[in-house]
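Subject: Structure handover and notes

Hello,

The structure is below, with my notes after it. Please read them with the coordinates open.

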Amino acid sequence: MAKLWGGRFEAGLDKKTEAFGASITFDKKMARQDLKGSLAHVTMLASTGILTEQEADIIKAGIQKVEAKYEANEIDFKIEHEDIHMNMETYLHAEIGPVAGKLHTARSRNDQVATDMHLWVKDTLDETLDKLQNLREVLVDLASEHIETIMPGYTHLQHAQPISFGHHIMAYFSMLTRDAERFAFNINHADISPLGAAALAGTTFPIDRKETAELMGFSDVYVNSIDAVSDRDFILEFLSNASLLMMHLSRFCEEIILWCSHEYKFVTLSDAFSTGSSIMPQKKNPDMAELIRGKSGRVYGNLFGLLTVMKSLPLAYNKDLQEDKEGMFDTAETILTSLDVMSGMLSTMTVNEGVMSASTEKDFSNATELADYLAAKGLPFRQAHEIVGAMVLECTKAGNYLQDVPLSRYQEVSELIEADIYDTLKSRTAVARRNSFGGTGFEQVKLQIELAKATLKQEVKA
């Protein structure tokens, strides 16, 4: 089959140039979407009288045969046919002959490829949201098991205050919920049909763009044909949202990597999500967490790559836009796999509760409790802060901790301090007492979990 655009040319393309310009090596991922768009298009061409019903029936049957070949893995994609559209049309021509050429009436590869990508991103967003839902359910289950598991909370990677491990986990639930909201909003801009914009100016044929949009499952159509073929905002939104998601997963993985180190021993990863060393027999490496952390970089790169492609493009379509797909496909594969691995890693992870709790007993993470204790008895907080700071310095020099200080010494420091101070200084007491809304108190963590479950249930219904 000759090039669809070959009529104006006397000589063929140089083979290396042909390979350089072809996109079939990667855009073949959109075969199903391309066939879906073609089926909608030919249906509309018949209903508007642009093609006869007989012609449309022949083309539909041909498309279905090509689709069956694709599903049976019998399609041999060829570089000389350049892209997914020409490859599919070539197979259609082989099935039904010259009438296949009528399928391209009133459309261009410009609106065709934009349509394929909208369909592909829509499908990918649905899958992403499903996997995000699963990971968030894993987090809720993990938090539910560890509401009363005590761990040190950190600022500047220094022990700050004791917190509930469940509370820490629910912080990531909140992050991933915002991710889910962003991906869900992304659907609004992916759910618009460009088909019928043709090359950039629309068409003289009496097409019905709303019919093709409805047949493909789109809720709207582009109102400007130039914007329809040149818009890639929906892909940039996807890449941006994916970058935020990977940043959140990477932060979590960084903590997991620290937690399973010899120095922390807070968690133990399953063998199914760890690897060993070729030279050091004792090693159990958190490689999957490290890979997710590392893969965040390639997702960021894909976002900046497309932003750079788009930044100087004049309207409407330019060949530069061929560079919009590989990063999109790579990002989708990266985040979908990362979400699966993260869910498996967390659901099989062992939390070493005793080690976590013990790490809050020999530190000064209860210093704020002493300051709050004095403030609650009427001492200005700034004055209480200074007193406690001096006590921490004194303990540091003596090699002991606040809970080791005799009551007589406390009462020398302030007559407001009584024997109940020792219960106040316990990590469990410190956590349980923090019951301001959104705090780490056990009742508040339970409330967070209930709200999270309600959110997940509502999303499933939606």
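This is a predicted model: local features need pLDDT of at least 70, side-chain atom pairs count only at pLDDT 80 or more; totals for chains, interfaces and linings use all residues.

Residues are numbered from 1 along each chain as its sequence is written, and side-chain values use heavy atoms, with hydrogens and water left out.

Helices α5 and α6

Helices (H or I, at least four residues) and strands (E, at least two) are DSSP runs, numbered from the N terminus. Helix α5 covers residues 84-96 and helix α6 covers residues 109-145; their axes come within 10 Å and cross at roughly 100°. Axes here are lines fitted to C-alpha atoms, for helices over the stretch in contact, and angles run from 0 to 180 degrees between N-to-C directions. The two helices, α5 and α6, are therefore roughly perpendicular to each other (65 to 115 degrees; under 35 counts as roughly parallel, over 145 as roughly antiparallel, and the rest as oblique). On the α5 side the meeting residues are Ile-84, His-85 and Met-86, and on the α6 side Arg-109, Gln-112, Val-113 and Asp-116. Contact means heavy atoms within 4.5 Å.

Another residue of helix α6 is Thr-115. Thr-115 counts as buried because its relative accessibility is 1% (buried is under 20% relative accessible area, exposed over 50%, partly exposed in between, with a 1.4 Å probe and protein chains only). Not counting residues up to four places away in sequence, Thr-115 touches Pro-194, Leu-195, Met-216 and Phe-218.

Loops on either side of α5

Two non-glycine residues deserve a look at their backbone. Glu-82, in the loop between α4 (53-71) and α5, has a positive phi of about 70° although it is not a glycine. Ala-106, in the loop between α5 and α6, likewise has a positive phi of about 70° without being a glycine. Glu-82 is buried at 9% relative accessibility, and Ala-106 is buried at 9%.

Pro-152 sits in strand β1 (residues 150-155) and is buried, with a relative accessible area of 0%. Residues up to four places away in sequence aside, its contacts are His-159, Gln-161, Pro-162, Ile-163, Phe-266, Met-356, Ser-359 and Thr-360. Between the C-alpha atoms of Pro-152 and Ile-75, 77 residues apart along the chain, the separation is 57 Å.

Ser-225 belongs to helix α9 (residues 225-230). Beyond its neighbours within four places in sequence, Ser-225 is in contact with Ala-197, Leu-200, Ala-201 and Gly-202.

Surface patch and cis peptide

Leu-200, Ile-226 and Leu-315 make a nonpolar surface patch of about 270 Å². Patches are made of residues with over 30% relative accessible area and no salt bridge, like charges being joined within 9 Å and nonpolar side chains (Val, Leu, Ile, Met, Phe, Trp, Tyr) within 5 Å. Accessible areas come from the Shrake-Rupley method with a 1.4 Å probe, and for residues only the protein chains shown count as cover.

Leu-315 lies in the loop between α11 (287-310) and α12 (326-347) and is exposed, at 68% relative accessible area. A cis peptide bond, with omega about 10°, joins Leu-315 to Ala-316.

Salt bridges

The structure holds 24 salt bridges (a side-chain nitrogen of Lys or Arg within 4 Å of a carboxyl oxygen of Asp or Glu). One of them pairs Asp-83 with Arg-109, the closest N and O atoms being 2.7 Å apart. This pair links distant parts of the chain, 26 residues apart: Asp-83 is in the loop between α4 and α5, and Arg-109 is in helix α6. Asp-83 is buried at 9% relative accessibility, whereas Arg-109 is partly exposed at 25%.

Lys-377 and Glu-418 form another, with the closest N and O atoms 3.1 Å apart. That pair also links distant parts of the chain, 41 residues apart: Lys-377 is in the loop between α14 (367-376) and α15 (381-398), and Glu-418 in the loop between α16 (407-413) and α17 (421-424). Lys-377 is partly exposed at 31%, and Glu-418 is partly exposed at 44%.

Finally, Glu-369, Asp-372, Arg-433 and Arg-434 are linked in a network of salt bridges.

Regards
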